[in-house]
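The sequence and structure come first.

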Amino acid sequence: MSRFFSAKFDALTPYTPGEQPKDRKFIKLNTNESPFPPCGAVIEAVKGEAEKLQLYSDPESRALTEALAKRYDVKYENVLCTNGSDEILNFAFMAFSDENNPIVFPDITYGFYPVFCQINNIPYETIPLLEDFTIDYKMYCGIGKNIVIANPNAPTGILMPIKEIEEIVKSNPNNIVIIDEAYIDFSGNISDSALPKDSAVPLTKKYNNLIVTQTFSKSRSLAGARLGFGIACEELINDLNTIKYSTNPYNVNRMTSAAGLAAIENDDYYMNNCKTIIENREWTRRKLEEEGFTVLPSNSNFLFAKIGYIKGIEVYNELRKEGILVRHFETERLKSYNRITIGSKAEMEALIKAIQKIKAKD
Ligand code: PMP
């Protein structure tokens with residue numbers, strides 16, 4: 001740390017992103033990226049915009065915002081696009097929480113939430129997950145504090161039913177509830193409105209204290225483009241815009257904005273990919289269970305799994321030697337597990353083969 005670094009960041013522990021190896025070609029099952037490339041129309045759209053990079057992007061990302069509003073059956077005024085969903089999460093923390101308005105989230109969840117709190121000087125409280133790693137929604141009902149919940153949760157992959165989410169939102173009318181739906185497209189159960197049935201997006205029309213965030217990083221194969229968005233009532237979106245225009249007005253660059261629009265226009269390609277990932281997930285879950293793993297019930301594009309008699313870190317290290325990267329967490333309740341991103345069928349077959357080899361050695 002230099003002698004110039006502000007003392008207000010003395011205690012700041014930054015978020016640690018998953019490894020992006022440069023030295024060797026790994027099968028990457030560690031950062032929940034999609035195994036599928038963007039569709040051709042997305043690549044063409046990006047190329048087209050590359051020729052106009054001397055011009056600033058549209059600060060409103062109008063065409064993309066309109067397409068998202070249509071896709072999610074809300075109004076233009078209810079949508080805000082951001083540089084990854086990390087950005088809208090940070091905006092929401094900044095806009096609605098402060099020293100006097102703490103935020104509550106599960107003790108096991110997305111590791112960025114405590115970092116957003118630290119950097120924005122927001123006190124936070126965590127509520128332990130139950131023994132089976134589910135969220136006890138009753139603990140959040142009427143809590144009278146701002147709340148953030150990832151649904152499905154990370155790194156467990158477990159989905160909370162929409163009824164429980166609604167109880168939390170309804171019982172905290174004077175607080176903001178943020179539902180982080182980074183993985184919701186992998187929850188299956190598509191409803192008549194072409195939305196996953198446990199998505200909280202429709203509830204944003206009924207409750208003015210709810211913000212739903214989603215990302216193009218997982219289900220729409222655009223992790224490297226950085227595109228996220230939030231849906232909420234107009235008043236909340238206006239507040240989030242105040243933060244955006246006070247930090248980074250051109251937060252979504254023109255190539256990303258065009259990529260996002262082309263992705264929405266080719267939604268069938270991406271939603272079919274989600275179906276394939278769900279099939280691969282269920283295949284992998286069965287295979288891991290056959291190999292003696294305990295696997296949490298996942299509604300996301302990853303599995304959280306452990307084999308009791310080999311330490312989590314050993315499974316991680318041995319897989320690494322076999323050329324497969326997964327994500328390991330060293331905290332007490334998580335350390336016997338590994339989080340495994342669902343890739344292509346061939347990648348999942350390679351994973352199972354590697355696991356059989358590791359077991360044979362043990
Ligand atoms: N929420 C959760 C639960 C996540 O796991 C991630 C991915 N790291 C994000 C949000 C942020 O994703 P992005 O900024 O790529 O949209």
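## Ligand surroundings

Which residues are around the ligand? They are Gly 84, Ser 85, Asp 86, Leu 89, Tyr 110, Asp 180, Ala 182, Tyr 183, Thr 215, Ser 217, Lys 218 and Arg 226, where a residue is counted if one of its heavy atoms lies within 4 Å of the molecule. The model is a predicted one, in which local features need pLDDT of at least 70 and side-chain atom pairs count only at pLDDT 80 or more, while totals for chains, interfaces and linings use all residues. Residues are numbered from 1 along each chain as its sequence is written, and side-chain values use heavy atoms, with hydrogens and water left out.

In the case of Asp 180, a side-chain N or O atom is 2.6 Å from a nitrogen atom of the ligand.

## The largest pocket

The largest pocket holds about 1,200 Å³ of space, the volume being that filled by probe spheres set on grid points joined across faces, edges and corners. A pocket here is an open set of points, on a 1 Å grid over the protein atoms alone, where a 1.4 Å probe fits and protein lies on both sides within 12 Å along at least five of seven lines; lining residues have an atom within 4 Å of a point.

Its lining comprises 49 residues, and those nearest the centre are Tyr 15, Thr 16, Tyr 110, Gly 111 and Arg 327. By class, the lining divides into 21 nonpolar, 17 polar and eleven charged residues, with Asp, Glu, Lys and Arg counted as charged, Ala, Val, Leu, Ile, Met, Phe, Trp, Tyr, Cys and Pro as nonpolar, and the others, Gly among them, as polar. At least two lining residues come from each of α3 (84-96), β3 (103-106), α4 (112-119) and β4 (124-127); helices (H or I, at least four residues) and strands (E, at least two) are DSSP runs numbered from the N terminus.

Most residues other than glycine have a negative phi, and most peptide bonds are trans. Cis peptide bonds join Asn 151 to Pro 152, with omega about -5°, and Ala 154 to Pro 155, with omega about 5°.

In the loop between β7 (210-215) and β8 (228-232), Ser 221 has a positive phi near 55°. Ser 221 counts as buried because its relative accessibility is 11%, buried meaning under 20%, exposed over 50% and partly exposed in between (1.4 Å probe, protein chains only). Arg 226, in the loop between β7 and β8, has a positive phi near 65° and is partly exposed, with a relative accessible area of 30%; Arg 226 is also one of the residues around the ligand.

Helix α8 (residues 267-290) has 24 residues and should span 34 Å at 1.5 Å a residue, which agrees with the 35 Å between its end C-alpha atoms; the expected span is 1.5 Å times one less than the number of residues. Among its buried residues are Tyr 270, Met 271, Ile 277, Ile 278, Trp 283 and Leu 288. Just after α8, Gly 292 takes a positive phi of about 95°.

Glu 347 lies in helix α10 (residues 345-361) and counts as partly exposed at 23% relative accessibility. Glu 347 and Tyr 76 are separated by 271 residues in sequence and by 40 Å in space, C-alpha to C-alpha.

Notes: Polar contact = N/O pair within 3.5 Å; in protein donor to acceptor, adjacent residues only side chain to side chain.
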